[in-house]
Amino acid sequence: MRVLYVDLEREWRGGQSQALLTVVGLREHGHEVGLLAARDSPLANRAADAGITVHQVPRVGLRAWAAGAIRRLIGEKRFELVHLNEPHALTAAWLARAHPGLPLLLSRRIGFPLQKNAVSKARYAAVGRFVANSKSVAQSLIESGIAADRISIVNEGVQILPLRTLEQRSSARKHWVVREGEFLFGCVSVFVREKGHRHLIEALPLVRASHPGVRLLLAGDGACRAELEALTKRLGQSQAVLFPGFVKDVAQVYAALDAFVFPSEFEGLGTALQAAMAAGLPCISTKRGALGEVVDDRRTALVAEPDGREFAAMMLRLINDGGLRKDLGMAGRREVEQRFSADRMVENTIHVYEDVLKKHRNG
């Protein structure tokens with residue numbers, strides 16, 4: 001197959017991680033793939049480093065430039081379908097009038113209702129297949145008026161890497177200046193309110209009252225960072241919380257942790273949580289959004305409501321029970337290997353492409 005994959009995001013988030021895994025996986029399966037991306041975006045640079053053909057468009061006037069590039073690329077008849085990974089990409093493809101000639105697929109990772117204004121309706125009408133990352137997101141599309149036969153579910157996936165060695169753990173903890181006797185919780189996520197980081201910071205004084213050696217590493221950046229740092233200072237936890245900002249090599253985070261905490265109030269599927277489970281870390285998560293499709297309480301993770309006191313109670317359980325930490329870590333890793341691997345995600349994406357092309361060719 002010949003696939004044009006479009007992602008115009010300027011930052012690196014979960015969707016861009018999935019984009020990179022997808023285009024690399026497609027190439028490894030023998031398919032021809034091109035990526036259209038914002039110039040010098042993290043995705044464009046990482047895909048180019050991976051040997052993917054990347055078509056870059058200027059950041060100023062991004063959607064207009066992208067629409068022109070899509071028209072040119074499909075005019076050259078180099079592609080059979082176009083996979084749009086985020087809303088800006090959909091707008092560009094719609095402006096390019098790509099849909100009469102080629103099937104358009106749109107990834108959907110959030111369960112918010114679709115907008116109902118005239119322009120939004122026209123854009124969504126151009127989509128031949130919505131690719132939802134969970135049952136929860138698929139249901140939200142149906143509730144927004146999208147017919148079920150226009151929706152396919154492809155769970156997001158993560159790479160299954162070898163478990164960390166003791167040397168890797170020690171090196172990572174030295175990198176973050178964490179002593180061996182300290183118990184390190186961590187989270188990898190963009191700093192926006194719905195991710196719930198404040199619940200972890202509020203939990204920390206309750207946990208440290210009996211375990212003063214506990215620390216928290218919050219990897220990421222975003223609009224709420226100053227608010228979270230202020231809360232940390234107000235609660236007297238500045239020495240216990242690490243704010244390293246955006247971390248390119250998140251493996252350095254996972255390798256250092258004793259447990260992963262994910263207090264999200266609204267989540268599509270949670271690839272950061274999946275990656276932590278794949279790394280064999282015991283995890284505490286909410287079941288908000290589609291997270292209930294990922295974690296099974298007390299089998300693959302501990303589950304709590306997004307609340308400081310609830311997370312504190314679960315954090316104390318993990319600290320005090322080494323056997324539970326080991327069991328959750330092993331079960332979580334098996335769950336990701338069986339259901340949420342990057343290989344499975346790519347294979348399921350290819351099946352969707354084949355189905356879309358078959359129906360397109362048959363009219």
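**Briefing: a helix pair, a sheet and a pocket**

Helix 8 (residues 197–208) packs against helix 9 (residues 225–234) at an angle of about 10 degrees, with 10 Å between their axes, where axes are lines fitted to C-alpha atoms, for helices over the stretch in contact, and angles run from 0 to 180 degrees between N-to-C directions. Helix 8 is therefore roughly parallel to helix 9, a term for angles under 35 degrees. The model is predicted, so local features need pLDDT of at least 70 and side-chain atom pairs 80 or more, while totals for chains, interfaces and linings use all residues. Residues are numbered from 1 along each chain, and side-chain values use heavy atoms, without hydrogens and water.

- His 197, Arg 198, Ile 201 and Glu 202 of helix 8 meet Leu 228, Leu 231 and Thr 232 of helix 9, contact meaning heavy atoms within 4.5 Å.

**Sheet**
- Six strands form an open sheet in the order 10-9-8-11-12-13, with parallel pairing; strands (E, at least two residues) and helices (H or I, at least four) are DSSP runs numbered from the N terminus, and two strands pair if DSSP finds at least two bridges between them.
- Strand 10 (241–245) and strand 13 (302–303) are at the edges with a single partner strand each, so one side of each lacks a neighbour in the sheet.
- Strand 9 (residues 214–219) pairs with strand 10 over 3 bridges in the parallel sense, and Leu 217 has Leu 242 of strand 10 as its bridge partner.

**Pocket lining**
- Helix 13 (residues 322–339) supplies 5 residues, the largest share of the lining of the second largest pocket.

Conventions
Parallel < 35°, antiparallel > 145°, perpendicular 65-115°, else oblique.
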